[in-house]
Structure formats: C-alpha cells, structure tokens
Amino acid sequence: MTWAVGLATAIGVVTAPVSQAATTDTISSDRATVREYPGRLVLANAAKGDRVDVTGYCGGWARVRVTSNAHKMATPVGWVLRENLTSGSVSGVPEQCGTDGERWRDWVGAINAPFHSLRKVTVDGSTGWRRIVFGTGVTLTASAECTPSLNYTRHSSGPDVVDPAQRVDLDLSAVSYRYVTDDGSVALVSAPRAGGSTYGVWSFVPSSCVQPKGSRQHVYFDEPVVQLTNINGLSTGTAYSDATIRSRGCSAALISPTRPKFGYWPDPQPENRPSCPV
C-alpha cells in the first residue's frame, strides 16, 4: 500500500553531513527538545552545554546537529528553538523552512491522534468536534524501568532502548502519551516535573509501560476521530458541527496498521484514508 512508502528510509538520511554553511553554538537551557520539524514531533532532548552546529533556520527555530560526549540521543539532528541556544545566531546559514516535513515517517509507528485531527466529545452539554492539540492521559506501570528518560537509542540489530542513565523525576500522576517509535519499543510521553509547574517535560519510556487511564479502553483517543485536509482557522476549545468538518475535506482516522495498540497512522496517503464518518 502506498501509505507505507518511506517507512524503510535509511537512518543515514536523517544524519546527513553538516552543511558547509554551519555555524557553531551551544545549548544554554537545561534541556532543549529536538524536533523533526519546527514545532512538531519531539525526537530527542539536548542538554545544557551540548555543542551544536546550526545548519539552517525557520523563524524562531534552528536546524542543528548536536555533539555530546555526556549522553546518548536517538538522533543528533533536528530543530530546536533559537532561544535554547547561547547566541541564537543564524548569520551565514540558509533559511530552510519546509525541510524535514516528512521525517516523521522514519520515527513514528503510531500516534495518539493523527495530524490535523478532531475528536467528537460532549463538553458542558454541547456535543461537537474539537481540535486535538494535546496528548492522551495515560498511566505508567509502577516499576523502575518505567521511570521516564530524556533520551533513547536506536540499534540496527535490535529494538529501540530507553537510556537508563538519563532518568528524570516527573509527576507520574499527570502523564500524557504522544507516539510510539517505528519499531514499537519506545513511547514518547509528557509529564510535569515532580513538585514543579504544570508544564510537561517530553521524555521516553518502554512502550510496555504505557497503560490506558481511568475508563479509557486505549492509550490513544478512542472517541470518534477525524482527520481534516484543511484545519486552518479552527480554534481550540470550540465545538464544530458535522457540516463544518465535512466542508474541510474530512476522513476517518486510520488505526496504525503496524502498531494498532498504540493509535493512529499519522498521515496516510489520501487514497488510503477511510470515508468521513458523518
């Protein structure tokens, strides 16, 4: 099927040599999420003091290659906020908005909700379709190996493995799930620091640790979920009608064919998207 195209892309594609136009900087914040695309999926975490080669920029984001002898990362290449850099300078490097937009295909096996999606829920007596912009509440199995870690590693001859040397103390009563890696072994979750603010720290756990919360049957959104071709202008916290979603190129969310226990296929090709349910 055509939705599977790209899953087998070589890892070398995402660790391409640093551009000759690169400039050197360092991570200044205690932690910087490394994303596959500006503002999108988290792939890893860089730490304060890590050296980075900045190879491009897009607005407030910088594309970097991270160098660290102190910790492991699944990938050293991705996008960080420029405010996470000591200087934040992008002088001499190209603007690369649009780069890496399909890179998620090499990393994600299933996700809590597909891109550009809404779920049908009833809030304060009003039923409608609401934008999904957050993770699904989950619980973690109570064991030492289920303590979140800031990074994980990938192995060509075995499964993805959470790095036990980078455990982080988080509030495990408020965990949300985002995705499982392509081989299904590791899950990305978010939780606030223990005793800290409500702001979540993105981290990794073995996928076997992630369990449905409360009355949920799954770790992903199990209400009716749709994916829209055009989501521009739709606000969070607003309930939209069936007619509104039909008018925007609606299709039903597609459960991941490779990791069905962990949610949806992020962005199937149009010809493989199920019909709109309304």
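Predicted model: local features only at pLDDT ≥ 70, side-chain atom pairs only at ≥ 80, totals over all residues.
Is C250 buried or exposed, and at what relative accessibility? At 15% relative accessibility, C250 falls under the 20% limit and so counts as buried.

Let me begin with the chain as a whole. Its secondary structure amounts to 18 strands and 1 helix. The radius of gyration is 19 Å, close to the 19 Å that the globule rule gives for 278 residues, so the chain is as compact as a globular protein of that length. Of those 278 residues, 49% count as buried. For contacts between residues at least 6 apart in sequence, 63% join residues at least 24 apart.

I turn now to the disulfides, of which the whole structure holds 3. In sequence order, the bonded cysteines pair as 1-2, 3-4, 5-6.

C58 belongs to strand β4, whereas C97 sits in the loop between β6 and β7, 39 residues apart. C58 is buried at 17% relative accessibility, while C97 is partly exposed at 44%.

C146 and C209 form another disulfide, left-handed at -85 degrees. C146 lies in the loop between β10 and β11 and C209 in the loop between β15 and β16, so the pair ties together parts 63 residues apart in sequence. Both cysteines, C146 and C209, are buried.

Finally, C250 is bonded to C276, with a torsion of about 80 degrees, so this disulfide is right-handed. C250 lies in strand β18 and C276 in the segment after β18, so the pair ties together parts 26 residues apart in sequence. C276, at 21% relative accessibility, counts as partly exposed.

Conventions:
Residues numbered from 1 in each chain as written. Heavy atoms only, no water. Helix = DSSP H or I, 4+ residues; strand = E, 2+ residues; numbered from the N terminus. Rg over C-alpha atoms; globule rule 2.2 N^0.38 Å. Buried < 20%, exposed > 50% of the residue type's maximum accessible area, 1.4 Å probe, protein only. Contact = heavy atoms within 4.5 Å. Disulfide = S-S within 2.5 Å.
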